[in-house]
Amino acid sequence: MAKRIGIEVSLAVAEAVKLADTDVIAAYPITPQTHIVEHLSELVADGSLDAAYIPVESEHSAMSSCLGSSAAGARTFTATSSQGLALMNEMIYIAPVLRTPIVLAIANRALSAPINIWNDHSDIMSVRDAGWICLFAENGQESLDLTLISFRVAEDPKVSLPVSLNLDGFTLSHFIEPIEIPDKETVDKFLPPFVPCFKLDIKAPMSLGLLGGPEYYTESRKATDDALLASKTVIKKAFAEFNDVFGRQYNVVESYQAKDAETIVLAMGSISETAMTAVDELRAQGKKVGIVRLRLWRPLPIEEIVEAVGHAKNLAVIDRHLVLGAPYGPVGLEMMSVFYSASQKPNISNFVLGLGGRDVTRDDFKYIFDRAAAQQGQTRYEIVGVLE
Amino acid sequence: MKKPIDALVKVGDLPLGLCGAPGSTVAFKTGDWRSVRPVLDKEKCIYCGFCYYYCPDGVYQDMAPEKYYKADLDYCKGCGICAHECPKKAITMTLEEV
Amino acid sequence: MASQDASGITIMSMLEIRFHGRGGQGAVTSAELMAQTAIGMGKYAQAFPSFGPERRGAPVTAFLRISDSPIRIREKVYEPNVVVVLDPTVMNVTKVDQGLKPDGLLLINTHQSEEQIRNRYGFTQKISTIDAVKIALEELKVPITNTVMLGAFSKVLGQATLKDVEEPFTHRFGGALAVKNLAAFKRAYEETKGVA
């Protein structure tokens with residue numbers, strides 16, 4: 001039977017990896033991801049998880065090992081943060097095209113410099129174009145649930161792509177909160193054993209990772225993009241089936257008080273909980289405000305975004321990453337492009353906040369709701385709370 | 001001249017993960033790239049195996065129990081490294097007849 | 001814990017607590033154990049440290065929220081209802097009453113009296129004191145005060161009883177150490193005086 005306990009979110013993610021009967025974990029510890037892989041190494045060491053734990057010498061090797069084990073037909077998990085993801089970068093770009101369904105948990109943390117171990121989204125944004133499915137968790141329960149869903153989606157034969165599960169470093173990874181840990185039988189109902197579409201097998205040899213010259217490269221990249229775009233249907237189906245089994249409904253885009261909202265804040269990750277409370281407080285004052293949250297960032301769920309925010313007068317897009325030398329942050333820029341050709345569109349403005357662990361509060365959102373309504377024709381992002 | 005279509009496979013026809021049948025280089029005979037071929041003087045050969053080890057394409061075969069190594073001319077590209085490394089100068093690079 | 005605001009919307013009130021201690025004394029563990037206890041009692045709770053490099057002896061802060069309804073806030077606690085001070089020397093270097101609500105409470109580990117503390121630091125809110133080091137040394141043989149402070153906390157705020165902490169303590173400390181910590185909790189629970 002499922003058990004509701006107070007547990008650190010990192011440990012809950014590790015428990016989900018255990019419940020998924022993961023075969024191979026290859027990881028290198030880095031703050032704030034550490035507790036996830038520490039707990040997994042304990043679970044493997046004490047025999048409660050029958051998996052190979054490969055303590056590699058770097059994140060580059062972690063992802064290389066994952067590529068190999070996934071291609072050999074093993075359910076494969078790794079986790080990292082920030083500089084670790086940066087060191088993985090070369091291998092990150094390979095996994096989608098080789099169609100290896102690796103699940104990667106990223107405890108999101110700022111990229112150096114200056115050296116910073118705290119939370120923002122600069123790490124994942126640096127590899128957003130690599131072809132991975134990118135999910136963002138809002139709270140601890142969702143972090144556990146999305147871990148199970150990630151395996152299910154990644155390994156679906158129609159998808160066969162790697163998935164990155166993004167959970168905010170510290171703000172999620174180090175929170176103790178109530179989480180329902182499902183029982184094994186129920187997880188098994190939702191997550192079947194991994195049946196690879198192809199696998200490295202010495203009895204039936206094949207080549208993987210071949211050269212793709214000018215006459216192949218374009219088509220290869222396009223084929224991966226087609227698969228990534230098509231995965232949205234499978235993701236939505238997996239969410240529906242997860243609800244059937246566990247009674248928790250997830251959507252690729254979540255709305256809160258947004259239907260009649262004049263001003264909507266669009267955000268990703270755990271800050272949207274704080275934003276919802278800010279909305280409650282503003283609604284109590286009669287203000288028509290709402291929140292829309294992207295649970296799915298790649299593939300970008302364009303139709304669902306338009307449906308969720310298209311009617312608003314003002315749309316304030318939150319970025320947790322500063323794109324140096326560009327007019328807007330990554331999420332801001334994409335929302336601008338989504339609505340560029342729309343005849344009716346919200347007045348879009350872009351706000352950057354919560355960089356390198358700076359606390360994001362209800363007051364920040366109240367400020368943004370006011371600014372978004374007042375700001376017309378913004379030509380560049382605004383950094384909330386920057387001292388200059 | 002207009003550029004001809006230079007893609008070889010349609011997007012939808014690519015295999016998943018771009019995996020392919022192994023061993024395709026066996027069918028890919030590179031011997032015709034050669035302009036000079038290695039010719040061994042068995043009298044000078046001391047069966048040291050330098051040609052075998054140095055060959056970048058691995059075309060030399062150990063002919064044991066006979067005491068020499070033989071280049072597989074289906075694949076030898078005629079680079080001449082074997083001749084250069086042979087301590088007894090037993091290999092001569094000889095022009096291919098056209 | 002429910003109240004109604006002017007708009008008629010029911011807002012479930014929430015207890016917000018900040019722990020002050022030094023690295024290694026268990027401020028973070030205190031917040032975690034209390035959250036796990038509250039969750040075990042069917043409530044909602046969250047606990048988190050003030051994130052950063054962990055250094056033994058350095059002043060550390062941890063945060064705790066307890067509520068009857070789901071908690072949807074992840075900002076730090078800026079206006080706590082309760083401040084728990086695990087190490088009295090922290091008060092000399094940290095303004096522990098910063099942001100504390102006017103009707104809030106300071107729960108302080110000290111051998112001094114409420115009056116002495118109030119005169120020395122000028123706190124205006126309610127104060128409850130307990131000589132947690134003495135109890136910890138007697139029960140645990142080490143001056144680690146977290147479970148003692150949780151006993152005092154539970155008594156003063158009516159948040160939990162010995163029965164409620166049994167499982168989280170056993171899970172965290174295991175066997176003999178859990179028994180000692182439960183004894184420390186029990187003594188603090190029994191010996192904690194009222195609020196001044």
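**Legends to the close-up views**

**A:Pro114 is placed in the loop of chain A that runs between strand S5 (103-108) and helix H6 (122-125).** Helices (H or I, at least four residues) and strands (E, at least two) are DSSP runs, numbered from the N terminus. The peptide bond between A:Ala113 and A:Pro114 is cis, with omega at about -5°. Most peptide bonds are trans, and most residues other than glycine have a negative phi. Residues are numbered from 1 along each chain as its sequence is written, while chains are lettered from A and ligands numbered from 1 in the order in which they are written. The model is predicted, so that local features need pLDDT of at least 70, side-chain atom pairs count only at pLDDT 80 or more, and totals for chains, interfaces and linings use all residues; side-chain values use heavy atoms, with hydrogens and water left out.

**A cis peptide bond joins A:Thr31 to A:Pro32.** Omega of this bond is about 0°. A:Pro32 belongs to the loop between strand S2 (24-27) and helix H2 (34-45) of chain A.

**A:Thr78 and the residues that it touches in chain A.** Strand S4 of chain A (residues 76-80) contains A:Thr78. The relative accessible area of A:Thr78 is 0%, so A:Thr78 is buried; buried means under 20% relative accessible area, exposed over 50%, and partly exposed in between (1.4 Å probe, protein chains only). Leaving aside residues up to four places away in sequence, A:Thr78 touches A:Ala26, A:Ala27, A:Ala62, A:Met63, A:Cys66, A:Met88, A:Ile102, A:Val103, A:Leu104 and A:Ala105, where a contact means heavy atoms within 4.5 Å. A:Cys66 is 12 residues from A:Thr78 along the chain, and the C-alpha atoms of the two are separated by 7.4 Å.

**A:Phe170 has a positive phi.** Phi is about 65°, although A:Phe170 is not a glycine. The residue sits in the loop between strand S7 (163-168) and strand S8 (176-181) of chain A. With a relative accessible area of 4%, A:Phe170 is buried.

**A:Gln257 in the loop between strand S9 (253-256) and strand S10 (263-267) of chain A.** A:Gln257, a residue other than glycine, has a positive phi near 55°. Its relative accessible area is 36%, so A:Gln257 is partly exposed.

**Domain 1 (3-246) and domain 2 (253-383) of chain A.** The domain bounds come from an automatic or database domain assignment. To the contact, domain 1 of chain A gives 30 residues and domain 2 of chain A gives 26 residues. Taken over C-alpha atoms, the centres of domain 1 and domain 2 of chain A are 27 Å apart.

**Chain A has 13 helices and 15 strands.** The radius of gyration of chain A is 21 Å, close to the 21 Å that the globule rule gives for 388 residues, so chain A is as compact as a globular protein of that length. The radius of gyration is taken over C-alpha atoms, and the globule rule is 2.2 Å times the number of residues to the power 0.38. Along the principal axes, the C-alpha atoms fill a box of roughly 65 × 55 × 45 Å. Of the 388 residues in chain A, 62% are buried. Among contacts in chain A with a separation of 6 or more, 81% are between residues 24 or more positions apart. Chain A carries 34 positive and 49 negative side chains, and the centres of the two sets are 5 Å apart. Lys and Arg count as positive and Asp and Glu as negative, without His and the chain ends; the place of a charge is NZ of Lys, CZ of Arg, CG of Asp or CD of Glu.

**Chain C follows the pattern β-β-β-α-β-β-β-β-α-β-α-α-α-α along its sequence.** Chain C has 6 helices and 8 strands. Its radius of gyration of 16 Å agrees with the value near 16 Å for a compact globule of 196 residues. The C-alpha trace of chain C spans about 55 × 40 × 35 Å along its principal axes. Buried residues are 51% of the 196 in chain C. The mean positions of its 23 positive and 20 negative charges are 4 Å apart.

**Chains A and C have the most contacts among the 2 pairs of chains that touch.** Chain B and chain C do not touch, and their nearest C-alpha atoms are 41 Å apart.
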